[in-house]
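Thanks for passing this one along. Here are my notes, as numbered points to read alongside the model.

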Amino acid sequence: MSTHRRGWLKGAGAAMAGLWASACDRLNENPGVTRVLESAEGLTLRAQRLVMDRKALAREFAPADISADFRANGSIDPDDPEYLAQKAGGFAGYRLAVGGLVERPLSLSLAELRDQPARTQITRHDCVEGWSSIGKWTGARLGPLLDRAGLKPNARYVVFHCADNLGGGPGGRYYESIDLIDAYHPQTILAYEMNDAPLPVRHGAPLRLRVERQLGYKHAKYVMRIEVVEDFAHIGGGQGGFWEDRGYAWYAGI
Amino acid sequence: MADKPRPGRMLIRRHSLATRTTHWINVLALGLLLMSGLQIFNAHPALYWGHASTFADPWLSIRLYETADGPRGITTLGQARFDTTGVLGWTGVEGDRRNQAFPGWATIPSYRDLASGRRWHFFFAWLFAINGLVYVAFGLLGGHIRRDLLPTRAQLSPRHVLREIADHARLRFPKGEAARTYNVLQKGSYLVVALVLLPLMVVTGLCMSPGFNAAVPWLIDLFGGRQGARSVHFICAGLIVLFVVVHLAMVVASGAWNNIRSMITGRYAVELPEARP
């Protein structure tokens, strides 16, 4: 084949690919199409809740399975001034605020959190990108902590407000939310230790959420404040989390 | 084109309404599952075995590397390294290349957008799974699987299988009475795809779900862990693509219009042997 003809064919191929790609992109950006595609999320949540026992545990692994190369994603070194001051003081002045729809708002130091009913678990962390790492986590169980604060009857979701501004700029603060089924799951903990050492900064020091039956982005790092709400429409972009506001599913069980 | 048979040819009913409907829904669902699946793969273009990722040692990776000659797309398979610039890893025509493992024309959307890819994938996964259940239910109840797909004893004799392979290699296809039923290679490949590969896609897909893992903890051990399930998911997708390529080639080689019509209207023309000169 002559180079001229080959060049022409290549050009035609590239043009076809371009047309095809832009047609697919237009379909993808159509709000109606997005709404239809999103309808499957509710189906997935209901189907998983149907076949899954509320208390069914995520698999726990042996110490030998712990990943030496546990990857850190999202924020790995928050630059919020208040956070930096806390970090400089070894989080000695850190206090976790628990408020919202609770009878008795709490403010707990790390020492007080360590006195809470605790759990240690070696579990697999699944990033939405597709990779997995195994780590050992120790932390205060969220269920007893919420009971201590006392949930009001209209409480439905637990929101975690974080120190990191992953988006950069206003509205970029990380936050997450889970419902009460996951909040009261026995493996749902506020971890202050990873692999038998204080939680490293890159993995969310001083406190991160572990919600083992969902993907990594639900496991909020740098948790500063817990807010119990009836509805999260008024928080952030209204979708229930930093990544949810950017198009990811609120229920990340798959 | 009219459905009126030409002299010497006879139209038979080949595909039931259930087979035809589920076939085309499957075409749509598998096409979008593949494109959105490649989008999801692009978010972490490396595969591992076992429960966790061994980041330094994937068995397959498709990545961009900065070299002395500028960026290159490098695909690694085991210890082997291939420069796949333009096609995989650093994709697109020269001057308009992107850091994407699979190129934009193969993914939906064409640019990197994991959130959208996941939306497409899970919507069409539901459609695909429900469609597959309908197909299997009709196939079992209506006898399609037993009657049309299970090979007969005669078809399974080594001599017969060898002759079919030789005939296919020379693109000689059955005529007349023999064309009314699937040949043994067709039966074998359709059975493997419909009852092994496609169900495996659903099972390995579910095994990547941390929620499903908690609900059915033993299933993931079939694949040696979540990363193993992800690898098998990718390999089976590749085998399905391979099947589709061969399937389309055979559709064209054995009478494109007749085959396509039979999958749309159900009617398939067979030559009457006595009418041949």
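1. Let me begin with burial in chain A: of its 254 residues, 40% count as buried. Keep in mind throughout that this is a predicted model. Chain A has six helices and ten strands, and its C-alpha trace spans about 80 × 40 × 40 Å along the principal axes. Among its contacts between residues at least 6 apart in sequence, 69% join residues at least 24 apart.

2. Next, the domains of chain A. Domain 1 covers 1–51 and domain 2 covers 57–246. Taken over C-alpha atoms, the centres of these two domains of chain A are separated by 35 Å.

3. Which residues of helix 2 of chain A are buried? They are L37(A), A40(A), T44(A) and Q48(A). Viewed down the axis of helix 2 of chain A, the buried residues fall within an arc of 70°, so they line one face of the helix. On the other side of helix 2 of chain A there are exposed residues, including P31(A), R35(A), V36(A), L43(A), R46(A) and L50(A).

4. What do the buried residues of helix 2 of chain A pack against? Their partners are helix 2 and helix 6 of chain B. G211(B) has 25 other C-beta atoms within 10 Å; the cut-off for a buried residue is 20 or more, so G211(B) is buried. Leaving aside neighbours within four places in sequence, G211(B) is in contact with Q48(A), M52(A), R213(A), Q214(A), G253(A) and I254(A).

5. Now the contact between the chains as a whole. It takes 34 residues from chain B and 43 residues from chain A. On the chain B side, helix 1, helix 2 (114–141), helix 6 (210–215) and helix 7 each supply at least two residues. The largest share of that side, nine residues, comes from helix 2 of chain B. By type, the residues of chain B that touch chain A divide into 20 nonpolar, ten polar and four charged.

6. Chain B has its own division into domains: domain 1 (9–45 + 113–275) and domain 2 (51–101). Their C-alpha centres lie 31 Å apart. The contact takes six residues from domain 1 of chain B and eight residues from domain 2 of chain B. On the domain 1 side, helix 1 (17–43) and helix 7 (226–253) of chain B each supply at least two residues. That side of domain 1 of chain B divides into two nonpolar, three polar and one charged.

7. In soluble globular proteins, nonpolar side chains tend to be buried together. Here the largest nonpolar core has 90 residues, and F160(A), C162(A), L190(A), V223(A), L33(B) and F124(B) touch the most other members. Helix 1 of chain B gives the most to this core, with nine residues. As for C162(A), and not counting residues up to four places away in sequence, C162(A) touches R173(A), Y174(A), Y175(A), A220(A), K221(A), Y222(A), V223(A) and M224(A).

Methods. Residues are numbered from 1 along each chain as its sequence is written. Chains are lettered from A and ligands numbered from 1 in the order in which they are written. Domain bounds come from an automatic or database domain assignment. Two residues are in contact if their C-beta atoms, placed from the backbone, lie within 7 Å. Helices (H or I, at least four residues) and strands (E, at least two) are DSSP runs, numbered from the N terminus. Ala, Val, Leu, Ile, Met, Phe, Trp, Tyr, Cys and Pro count as nonpolar, Asp, Glu, Lys and Arg as charged, and the others, Gly among them, as polar. A residue is buried if 20 or more other C-beta atoms lie within 10 Å of its own, exposed if 12 or fewer, and partly exposed in between; C-beta atoms are placed from the backbone. The arc is that of the directions from the helix axis to the C-beta atoms. A nonpolar core is a set of buried Ala, Val, Leu, Ile, Met, Phe, Trp, Tyr and Cys residues joined through C-beta atoms within 7 Å.
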